[in-house]
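Q: I would like to learn how to read a model of this kind, one feature at a time. Where do we start?

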Amino acid sequence: MYPIQMKKGAELVTEHLLQLLKDGSYAEGQRLPSVEALAKQYQVGRSTIREAQSALKAMGWLDIRHGGGTFARRPEHNPAEQLLSSLADMDSLRSLIEARKLVEIGSAALAARRRTEQDLTRMSTCLKLMEKYLDDEERSQQEDLQFHVYLAEASHNPILVPMLALFHQECAKHIGSTRRMWLFGERASALQLWNEHQLIYEAISVQDEPLASQRMEEHLTKVEMVLNV
């Protein structure tokens, strides 16, 4: 439909889809092709398409209806795009991780304070899928990201969700496939990551704000150590 040079990477898919949305190739309210169709078009995995769609949803350009499809929309207010220009200037993974820690530690505390039963159900379901797919590197990484998205949503702060979506996208760009494999490629590492997320969830569930922040800090500090930043 739109002939382009196929390139791999969620950020490139995001950039191309964003351009199509901005120039009106997808009209507001128009349904986008399925994840499978887009994965075939861009010659990438379905998780890459989902990551790109999550970023575009956070930016306000997509409406993702679970079980109902993905639709184009026009953002009314878009703080995420302003943040994206700042992230583009960052020259190190260390800076990204530091910013992510500051935001996510606070996000965990807010989630503990404001979470609803629906929020807990979403995070719990995500944890069950993380455990189920411990041996699937791609799916494990996808569910890890989704957990952090649900946690941000549980904070009920509309700015945090697009901020964290962009942080994760930029971190993925800098980490590269080799270091991602260190995190998700071994079952023992994947199990440790799942356990850390489970502990964060438990603190949020009982609405213990200091403990939720502490466990998020411990989790992200371990990620820093593994990535050697």
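Q: Leaving aside its neighbours within four places in sequence, which residues is Ser 213 in contact with?
A: Contact means heavy atoms within 4.5 Å. By that test, and with neighbours within four places set aside, Ser 213 is in contact with Ile 105, Ala 108 and Ala 109. This is a predicted model, where local features need pLDDT of at least 70 and side-chain atom pairs count only at pLDDT 80 or more, while totals for chains, interfaces and linings use all residues. Residues are numbered from 1 along each chain as its sequence is written, and side-chain values use heavy atoms, with hydrogens and water left out.

Q: Which backbone atom does the side chain of Ser 213 reach?
A: A polar contact is a pair of N or O atoms within 3.5 Å; within protein, one must be able to donate a hydrogen and the other to accept it, and residues adjacent in sequence count only if both atoms are side-chain atoms. Here the side chain of Ser 213 reaches the backbone oxygen of Ile 105 at 3.1 Å.

Q: Is Ser 213 buried or exposed?
A: Buried means under 20% relative accessible area, exposed over 50%, and partly exposed in between, with a 1.4 Å probe and protein chains only. Ser 213 has a relative accessible area of 15%, so it is buried. Ser 213 lies in helix H10, residues 209–227. For the protein chain of 229 residues, 47% count as buried.

Q: How many helices and strands are there in the protein chain?
A: Helices (H or I, at least four residues) and strands (E, at least two) are DSSP runs, numbered from the N terminus. The protein chain has 10 helices and 2 strands.

Q: What span does helix H3 reach from its first C-alpha to its last?
A: The expected span of a helix is 1.5 Å times one less than its number of residues. Helix H3 (residues 46–58) has 13 residues and reaches 18 Å, close to the 18 Å expected. Its buried residues include Ile 49, Leu 56 and Gln 53. Just after H3, Gly 60 takes a positive phi of about 95 degrees.

Q: In which sense do strands E1 and E2 pair?
A: Two strands pair if DSSP finds at least two bridges between them. E1 (residues 62–65) and E2 are antiparallel over 4 bridges, and Asp 63 stands opposite Phe 71 in E2. The two strands form a hairpin with 3 residues between them, and Gly 67 in the turn has a positive phi of about 85 degrees.
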